[in-house]
Amino acid sequence: MPFGMIMETLVAVLLAVTIGYCVVLNWRLKRLHADRDELRHMVADLVGATNLADAAIKELKATAIEADLTLTARLEEAERFGIQLANHVQAGHSVMERITKIMSAVKNSKLAEFGEPEAAKTEAEAPKVDGPTRVRNALAQLVARDRIKGAAA
């Protein structure tokens, strides 16, 4: 075989391999372009979702700040009401104590007027009762005193 024929056969084989490689490369490039379009679409969707999430986070922050301000205001108001309530309860206890002392003095003086033996009892000897019971007893004694005054008149 002549040398020229071997060279032309070798060039033809190399040309066939090059054409085959170009066909495979062309197929891969088409697939890459198709994937690139899908990737572009996916990136656009991802950007849209990110923008929506960013907007939602901003709204959540604004809502959290508003809720914090509202809660702080309500807590401050509740503290003020708690202090006022404690002051009213303390004032109520003071009034109850004064009424109890007044009623004890009135009772002792009235019992001493009528000569009853209980007039000599001190408060230490008297049975211990709680505040509301003492107030009820004091009110009952006031009502009885008013009846005695009404009967005497």
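Which backbone oxygen lies 2.7 Å from a polar atom of the side chain of threonine 100? The backbone oxygen of methionine 96 does. I will come back to that contact after a look at the chain as a whole. One caution at the start: this is a predicted model.

Overall picture. The chain has 153 residues, and 5% of them are buried. In secondary structure there are 2 helices and 0 strands. Helix 1 covers residues 3-114.

Now the charged pairs. How many salt bridges does the count come to? The count is 2 salt bridges.

One is between the side chains of arginine 40 and aspartate 37, with an N to O distance of 3.6 Å. Both residues belong to helix 1 and are 3 residues apart, which is about one turn of the helix. Is arginine 40 buried or exposed? Its relative accessibility is 52%, so arginine 40 counts as exposed. Aspartate 37 comes out at 44%, and therefore counts as partly exposed.

The other joins lysine 58 to aspartate 54, where the closest N and O atoms are 3.7 Å apart. Here the spacing is 4 residues within helix 1, so lysine 58 and aspartate 54 are separated by about one helical turn. Lysine 58 has a relative accessibility of 55%, which makes this residue exposed. For aspartate 54 the value is 38%, so that side of the pair is partly exposed.

Last, the nonpolar surface. Which residues make the nonpolar surface patch of about 430 Å²? They are Phe3, Met7, Leu10 and Leu14. Leucine 10 is placed in helix 1. At 46% relative accessibility, leucine 10 is partly exposed, because that value falls between the 20% and 50% cut-offs.

Definitions and conventions:
Residues numbered from 1 in each chain as written. Predicted model: local features only at pLDDT ≥ 70, side-chain atom pairs only at ≥ 80, totals over all residues. Heavy atoms only, no water. Salt bridge = Lys/Arg side-chain N within 4 Å of Asp/Glu carboxyl O. Buried < 20%, exposed > 50% of the residue type's maximum accessible area, 1.4 Å probe, protein only. Polar contact = N/O pair within 3.5 Å; in protein donor to acceptor, adjacent residues only side chain to side chain. Patch = residues over 30% accessible without salt bridge, like charges linked within 9 Å, V, L, I, M, F, W, Y side chains within 5 Å. Areas by Shrake-Rupley, 256 points an atom, 1.4 Å probe, with all protein chains shown as cover.
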